[in-house]
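Open the model in your viewer and keep the sequence panel beside it.

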Amino acid sequence: MTIWIPDLSSGSGPVYRRIAQAIGAAVEKGQLQAGDRLPTHRDMAYHLGVTVGTVTRAYREAERLGLAIGEVGRGTYVSAPLETDPPLLLPGHPVAFGKGSQGPQAPVMNDANTNAPHRTVADMRQDVANGYVQSGTNSAPVNFGTADVSFTQNRGTNTAYPVTLDDGPINFRMNCPLPPQETHINQVLIDIAQSGPIENLITYKTEYGMPHHRQALAKMAGRFGLDDNPDRVLPTAGVQHAMTVALMTFTRPGDLVLCEEMTYPNLRSLAAMMQFRLRGVAMDEEGILPDVLDNLCRTQSPRVIYLMPTLHNPLCSTMSHERRVAIAEVLRKHNLLLIEDAIYGFLNPESPPPLSCFVPERAIYLNGISKSVGGGLRIGFIHAPIQYIAKLASGIRTTCWMTPGINLELVTRLINDGTVERYERWHREEASRRLGVILGSLKGYDVRFHPTNYHIWLTLPDHIETSELVMNAANSGVMLTAAQQFAVGVPPRGLRLSFGAERSTERIHHGVNIILRLLQTSEFSDAQVM
């Protein structure tokens, strides 16, 4: 263990920040080297005359700033510069996927029923570069049985759960808000069927989409503040597909991609599959820090940054107008490409314009209707500078050939008749009503939330281990998502609680009461969840 104690006689601000700053200064002066083990929390607290909790917070701040990394059971170490680290989040790399995990593996492209060669992500990238895709693979159908049970799959996991059964687990795990209970969509589908031959909607179409579909999606983009030129819009099979297309188009293996230090889990899965490196940027209460981003751009030469500036998932933060201006200046200064995920933006209509509006020449904006209308429709869109559209369209052709025409027609009509906006208003009201149930039970706990959002972030007391709480909640019939699912680097102590997937507020209230009971006791069982 390194015998090093910081000198806190000078400086100002909270003690924990002064300790973290002292670690950074010692690294710059060569007093601490990469790999040096820092004193234990207890030893540091004893020598400085502070509480162990203060040292714990200081080390977390150092980890947040990229100065240190904590390893469970081993201690806290000075982190190496990124360029000397092994590539992050490659297949089989366990660090950022939680204790004991091997992380997601790159899928095997197994054309079992043909003589076609196995296809990899690299093959798909080359198809994008060449502007074509080779077809001809066959897939065996999967039989999920005939039980009358509705299942959904969490973005970023491989586990399917029942989400609306009254006698099943209480689902606080997935951010999949249920639509209003009405029959308007039924009627629109009937109108589509009766409006003429259906052939035009079920035959192959261009990857660019039909003109009136692009016009509707551009209208939706314009409503959020972007240029409503249809030539800048491409339809996709959901925002996750749009995200995959954008990253496949603009990154190569080994490239560095930046993101918030807590991010959408599927980004980590894509990093493993596409073999780009992933690094989190330190955050405060409204998003990433411009000075930290500037330093990373200057020293590490990242290729792309993926951000959720409005209603961040999972931390609920929204960047201010001033922060967006500052971030845009850094992006422009370093010629860094932005991928902005705005899927939750409709839940905060008072937010500033999308970050993409502040740097339109370097921004790939992603949005869709999965949270406002229904994820099963798989309709999203990419809004990008015109010079990028052809490359992105090639990525759509490579990954799914085209976005389904019937689904696009339905969503187009829902946009044009005002249904999507009406549903958005309903969701904000419903989220606010449900949030009241959640906050009423969690008084006194550290909760981050937005008044019209469908999830909260709960920071846990120091004596409660996140993984144990999630395990015991599951044993009690409540599904939660731990910080480890979102963390790029060392996870904070906390969890996301999503409350849009349950139909019954009674079940929501019951589920929160179970969590409250677990928070109020330190006696955790040894039972394991299978």
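A residue counts as exposed when its relative accessible area is over 50%, and as buried when that value is under 20%. Keep both cut-offs at hand. The model is predicted.

**Stop 1**

Select Lys 333. Is Lys 333 buried or exposed? Its relative accessibility is 58%, so Lys 333 is exposed.

Helix 11 covers residues 321-333, and Asp 284 sits in strand 9 (residues 283-284), so the pair ties together parts 39 residues apart in sequence. Arg 323 is buried, at 13% relative accessibility.

**Stop 2: further salt bridges**

Go to Glu 502 and Arg 507. Their side chains meet at 2.7 Å, N to O, in a salt bridge. Glu 502 is buried at 2% relative accessibility. Arg 507 is buried too, at 12%.

Next, select Arg 223, Glu 421 and Glu 424. Salt bridges link these three in a network. Over the whole structure, the search finds 14 salt bridges.

**Stop 3**

In soluble globular proteins, nonpolar side chains tend to be buried together. Select Phe 172, Ile 364 and Leu 392. Within the largest nonpolar core, which has 92 residues, these three touch the most other members. Which helix gives the most to this core? Helix 8 (residues 239-250) does, with 8 residues.

Centre on Ile 364 and show its contacts. Leaving aside neighbours within four places in sequence, they include Ala 246, Phe 250, Leu 337, Ile 382, Tyr 388 and Leu 392. Glu 340 and His 383 are also among them.

Another core, of 30 residues, lies apart from the largest one. To find it, select Leu 256, Ile 305, Leu 355 and Ala 487, which are among its members.

**Stop 4: a nonpolar patch on the surface**

Switch to a surface view and select Ile 198, Ile 202 and Ile 406. They form a nonpolar patch with about 240 Å² of accessible area together. Ile 406 is in helix 14 (residues 405-416). At 31% relative accessibility, Ile 406 is partly exposed.

**Stop 5: a loop residue**

Select Asp 231. Where is Asp 231? It is in the loop between helix 7 (211-223) and strand 6 (233-236). Asp 231 is partly exposed, at 45% relative accessibility. Not counting residues up to four places away in sequence, Asp 231 touches Arg 214, Ile 386 and Ile 389. Draw a distance to Pro 211, 20 residues away along the chain: the C-alpha atoms are 9.2 Å apart.

**Stop 6**

Strand 18 pairs with strand 19 (residues 494-498) over 2 bridges, in the antiparallel sense.

How values were computed: Residues are numbered from 1 along each chain as its sequence is written. This is a predicted model: local features need pLDDT of at least 70, side-chain atom pairs count only at pLDDT 80 or more; totals for chains, interfaces and linings use all residues. Side-chain values use heavy atoms; hydrogens and water are left out. A salt bridge is a side-chain nitrogen of Lys or Arg within 4 Å of a carboxyl oxygen of Asp or Glu. Helices (H or I, at least four residues) and strands (E, at least two) are DSSP runs, numbered from the N terminus. Buried means under 20% relative accessible area, exposed over 50%, partly exposed in between (1.4 Å probe, protein chains only). A nonpolar core is a set of buried Ala, Val, Leu, Ile, Met, Phe, Trp, Tyr and Cys residues joined through side-chain atoms within 4.5 Å. Contact means heavy atoms within 4.5 Å. Patches are made of residues with over 30% relative accessible area and no salt bridge: like charges are joined within 9 Å, nonpolar side chains (Val, Leu, Ile, Met, Phe, Trp, Tyr) within 5 Å. Accessible areas come from the Shrake-Rupley method with a 1.4 Å probe; for residues, only the protein chains shown count as cover. Two strands pair if DSSP finds at least two bridges between them.
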